[in-house]
Amino acid sequence: MPSVSTALSAQLVTILLRELAACQSLLETVEAERHAIKTLAIGDFHPINVRRLAILEQLQSIADARDQAVRQITAALSLSDSASSLHSLLDRWHGLESATVRRHHETLMATAKHVREEIKQNVVLIDGIRGFVEHALTAGAAALTDGNAYGRTGKPALAHPLSAVLYQQG
């Protein structure tokens, strides 16, 4: 198989390093989100989500550049168009240049897997909080039967949804 130019290999490695840095930034937002979840810092979610969206847009741009580099390497190696993804290229590309790219790609994949696992943990935390709130709301249903609950209009609430009810204290 013909050798790929060092410039093309270096270009792909640079793209993978940019993608890794973006994944690490995404991990930071997931960790910030976890802190906000644990402390119930509702106001922190918007800036975190804005940052996350910017990182995801950056990742899309990097993925487009990676795909372009893969197409260039595929053409340089005279491979068929079936090797148009990085995975399929790495399966068919052998040699010193491919080993370097493969090593960076494996590091990137490990980081991406870690990000996904951290996101799953945040989902579990959010589901736990949601379950707690739902339980608290259903437990409050008994308050509706004693005549001390009021709807948005200020009238006694007999059958209003719990989210629209105020309870009279003392």
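In the protein chain, 54% of the contacts with a separation of 6 or more are between residues 24 or more positions apart; contact here means heavy atoms within 4.5 Å. This is a predicted model, in which local features need pLDDT of at least 70, side-chain atom pairs count only at pLDDT 80 or more, and totals for chains, interfaces and linings use all residues. Residues are numbered from 1 along each chain as its sequence is written, and side-chain values use heavy atoms, with hydrogens and water left out.

Let us begin with the overall plan. The protein chain has four helices and two strands, and from the N terminus on these elements follow the order α-α-α-α-β-β. Helices (H or I, at least four residues) and strands (E, at least two) are DSSP runs, numbered from the N terminus. Of the 170 residues in the protein chain, 34% are buried. Buried stands for under 20% relative accessible area, exposed for over 50%, and partly exposed for anything in between (1.4 Å probe, protein chains only). The accessible surface of the protein chain is about 10500 Å², and carbon and sulfur atoms hold 59% of that. Such areas come from the Shrake-Rupley method with a 1.4 Å probe, and for residues only the protein chains shown count as cover.

H2 covers residues 45–76, and at 1.5 Å a residue its 32 residues should span 46 Å; the end C-alpha atoms are 46 Å apart, which agrees. The expected span is 1.5 Å times one less than the number of residues in the helix. Among the buried residues of H2 are Ile48, Ile55, Leu59, Ile62 and Val70, along with Arg52 and Arg66. The buried residues of this helix pack against helix H1 (6–39) and helix H3 (86–92). After H2 comes Ser78, with a positive phi near 55 degrees.

A salt bridge is a side-chain nitrogen of Lys or Arg within 4 Å of a carboxyl oxygen of Asp or Glu. Side chains of opposite charge can pair when their charged atoms come close.

Arg130 and Asp127 are three residues apart in helix H4, so about one helical turn separates them. Arg130 is partly exposed, at 44% relative accessible area, as is Asp127, at 41%. Elsewhere, salt bridges that share partners join Glu19, Arg66 and Asp67 into one network.

Back in helix H2 we find Gln68, which counts as partly exposed at 36% relative accessibility. The side chains of Gln68 and Arg71 are joined by a polar contact of 2.8 Å. A polar contact is a pair of N or O atoms within 3.5 Å; within protein, one must be able to donate a hydrogen and the other to accept it, and residues adjacent in sequence count only if both atoms are side-chain atoms. Gln68 and Leu12 are 56 residues apart along the chain, and their C-alpha atoms are separated by 9.4 Å.

Leaving aside neighbours within four places in sequence, Asn122 is in contact with Val30, Glu33, Arg34 and Ile37.

Our last stop is Phe132, found in helix H4 (residues 96–139). Phe132 is exposed, with a relative accessible area of 59%. Together with Leu40, Ile129, Val133 and Leu137, Phe132 makes a nonpolar surface patch of about 460 Å². Patches are made of residues with over 30% relative accessible area and no salt bridge, where like charges are joined within 9 Å and nonpolar side chains (Val, Leu, Ile, Met, Phe, Trp, Tyr) within 5 Å.
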